[in-house]
Structures are given as C-alpha cells and as structure tokens.
Amino acid sequence: MHIKFKQKPSKKMISFVLSLAALVLGYFIYGRFVERVFGPDDRVTPAVAKADGVDFVVLPSWKIFMIQFLNIAGTGPIFGAIMGAKFGPVAYLWIVLGCIFAGATHDYLSGMLSMRHGGANLPEIIGRYLGNTPKQVMLVFSVFLLMMVGAVFVYSPASLLQQLFVRNVGEDGMLGSSTFWIVVIFIYYLIATMMPIDKIIGKIYPLFAFSLLFMALALMLMLFVKMPAVPELWNAGLGNMAADAFGSTKSVFPCLFITIACGAISGFHATQTPLMARCVKSEKMGRPMFYGAMITEGVVALIWATVAMYFFYQSPTPGYMEIEGGEAILSKAPSIVNVVCENWLGLFGSILAILGVVAAPITSGDTALRSARLIIADFIHLDQHSISKRLYVCIPLFAAVIALLVWQMSNPEGFDVIWSWFGWSNQTLAVFTLWSITVYLVWQKKNYFITLIPALFMTVVCTTYLFSEQAFHLSGGFACAVAVATLVVALVWFGLWYRKYSQKNDL
C-alpha cells in the first residue's frame, strides 16, 4: 500500500510553504483586483436600511468574519482536504488556484450582490440574472441541499458524541444512545434557527471559529516542528496517487474537484453569505468578510491536506504506521482527525478535535436550516419578524429534515448516498451562482472573465462527474467526450447570448 516516491522527498515541505504564501498573496493582490472590479461604495446597506432585530442586525466586523468563516467552513476544509489528499500533492494546486480564482471570488461577489439587492437570498439573485425558471429550480435545489446539510450534520456529530461517551464513560444508558444526541442537536437547531442572529449565533460562533482556527494553527506549528517527508509536486507529479495506494477507481478529474469543495469553491457558501450580508454596516467591509474568510478556509484546508499527506504518504514510513490504530482508520476522516490531534497535541488536541468534528458540523447545520427558513419565507413573502411566522416555516422544514434523517439511518448506505449527492449538488449550485454573477458583470460593463472562466470550468467538472461517477458510471473516455462537449455548448451558449445582448444594448 505504501507509495514509493520518484525521488527522495525533502523535509522542507516546499509545496506547502509556497501554497501558503500564494494564498496570502492572493488575498492582497487578486482579492483587491476583484474588489475594484465590483466597486463597493458608501450606499446604505441592508443591515441599516432593513434593521429588524432578527435577521437584519449590524454586527462588529470581527464577529462577522468569525461567523462567516464558521458558516462556510464547518468540517468541510478538514474532511474534504483529508479525502482529497489521497490524490497526492495535486490537491495543493486545486486548493490554491480554486480558492483564489474561484471560491473566494464566488463568495465575495455573491455576498456583495446579496447586499446590493437588499440582502437577497441565492434563488432571488439567480432569478434576477438567469430568469424565473432557473430561479424556481434553484429554489427547490438549494432548499433540498440545505436540508441534506442539516440531516448529515445531525447524524455525524450525534454518532461521534455517542461513541465518545461510551468509550470514555462506559455509559450504556440514555447518554450512550445516538437517538438522545440527535434529539438534543435538533432542539438546538430549532432554537438557533428561530432566535435573532445576534443572540446565539452571534455569541457562540466566534468562540467555535477561534477553536477551529487555533487547532489548524497548532497543527501547522507541529508540521514545522516535525517536518515530515511529504510528497512535493515535483516528486509525485499530477498523477493519481490514490489509485496506487488505496486501490481507488476515482480519477483526479473530475473527482478531486468535487471532493475538495469547501477548501476551494463551494456553492453552499452562496447560501450562507446572505446571512452576513444582512449584518454588514459598509460595503467596503466585504473583501475581508467574504473574500478573506474563504482564503482563511483555504489555509485550513491546506494545513489538513499536509497533515493527511503525512498520514498517508510520509517517507519512508507513512504516518498511519507510526500511530497506534492508524491503519484501521485509513478511510475514516473523523477518526483521522481524532488520532492525529491526540498524538500530536495530547489532551488539549483531543478537546480541539472534539470541537472540530462535533461543534463545527453542528454550527454548519443550524445556519443551513436558518438559510432554508429565510429562502422559503422570501419565496412565500412571509415576514419573519414574529416568532409565530418563523414557526410556520420551521415546523414543516424540520419535519422534512427528520424524514430525510430517518431514511438515512434506516438505510445502511444512506449516509454515503446523501453525502455523494451533496458533493455534486454543492458544486452544481456554485455553477449557477457563477453564471449569475457573470451575467451581472456583463450588464454592469465590468470584467466578466473573473467569473466566466471559473463558471466554464465548474460546469465541465459537474457535468463530467454526473456522467462518469455519480449517476451513470460511464467510462473515462466517454466522460472526457462529455467534458469537451459541455465546454463547447457552454461557450457557444454564452457567445450567442453575449452577442444578442451586445447588439440590443450597443456594447
């Protein structure tokens, strides 16, 4: 199972250091360029114009950043980076390039568009720029995606909490039941979804975000202390190391770009940015809030990808062979988090790992359901100022999530099925968001290439993945043909639309 490098890897982690520097520079250079393209100004923001004490609330900039970071992160940059690291150091390229040119651009512009349109949710933005039919499709699509997030992020932390109590307390009663923890998490979800954003989310999210960041920084420090001999880009090249080491049939393209989502680009983020777009006092705060939070998530993903490459590929002895019980958890990302944190950071690391694999998904789940509440309420034009009207939306929403959760628990492969479809749906949502922003930039006579290129790339990725891996399981050759055909169709469609629009508006 152990991979032999083409040449002996150095203990300098050069690819990691260069990638880290690129992300930081990306924020200051490309992030500023994207900001200038959009052109934030001094107009009154929805947080001020529509202040209601529930969803439209002015929050301090540092708090918005921490909440936004935790909203879009959760366990995504941890679990996705760990699974993506099996493809080898090519994961570095996707995290860096995807984060700077696609993910952070996507998050910043979707957040700013929401602000410009009164705190509009994603389906409203898509409808404004792509038409009513895409709006209706994306409304159902995004709500179902958010429900999947809620269901997945109930079951996973509840199972981990149940295992934690059984292992450490020996509890075989109520606390040793996963059903008990599911009920507890659902009660928290209902309260957090219903309450004003500054009462629960505004108070506890910054603490959890700090814990997640502190864990990542502590692990980065340990990486520089240990200096593991992990593969460099020039050692392993762009080949699929996972196919050799783990017998995987998944190819780098398109699977890597679906596996590592939250650390590079994620459509889920566009459902979360309106939450904070309704709390920002000035448009000029947008770059650190939205672009900066995504770059920070990329840094976290980069750290975990390097930790995972130590675990899978360190030479001459991979990390899983150095840690007791490591070989038994090669395919279990949450267990890898626990084992590495305990081994490198001791008891303190165990506490951080619990926060990372339990608190982080719970906080992603509650904001996902909060976003779903707001999307549904906007669609049916139901004011959310009173608790009773919030309940009108929350009761059927939570009933649907419970039904999805029951199906997931009763089906042995339920979690894997939901998670795999979530990955594809997540990136497909990013495709529609990017195309919507591209149309906006064309209408505003701004540089639309900053989103057109990522939109074309992600369109190809999602279409190819659907045909080759997710639904139809067709051959790699046919998938490549689909990718080429998709690119041609997308280019022709955009070219024809742009030509028609230009002639009509004398561009």
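Arg-287 and Glu-35 are both buried (under 20% relative accessible area with a 1.4 Å probe and protein chains only; exposed is over 50%, and partly exposed is in between). The two form a salt bridge, with their closest N and O atoms 3.2 Å apart; the term stands for a Lys or Arg side-chain nitrogen within 4 Å of a carboxyl oxygen of Asp or Glu. This pair links distant parts of the chain, since Arg-287 sits in helix α15 (residues 286–313) and Glu-35 in helix α2, 252 residues apart. Helices here are DSSP runs of H or I with at least four residues, numbered from the N terminus.

The model is a predicted one, where local features need pLDDT of at least 70 and side-chain atom pairs count only at pLDDT 80 or more, while totals for chains, interfaces and linings use all residues. Numbering starts from 1 along each chain as its sequence is written, and side-chain values use heavy atoms, leaving out hydrogens and water.

Across the whole structure, 10 salt bridges turn up. Another one joins Glu-283 and Arg-43 (3.8 Å, N to O). Glu-283 is in the loop between α14 (268–277) and α15, and Arg-43 in the loop between α2 and α3 (46–49), so this pair ties together parts 240 residues apart in sequence. Glu-283 is buried at 2% relative accessible area, whereas Arg-43, at 41%, is partly exposed.

Then there is Arg-278, whose side chain meets that of Asp-378 in a salt bridge (3.3 Å, N to O). Arg-278 is buried, at 4% relative accessible area, and Asp-378 counts as partly exposed at 29%. Shared partners also join Asp-41, Arg-43, Arg-116 and Glu-283 into one salt-bridge network.

Methods
Helices (H or I, at least four residues) and strands (E, at least two) are DSSP runs, numbered from the N terminus.
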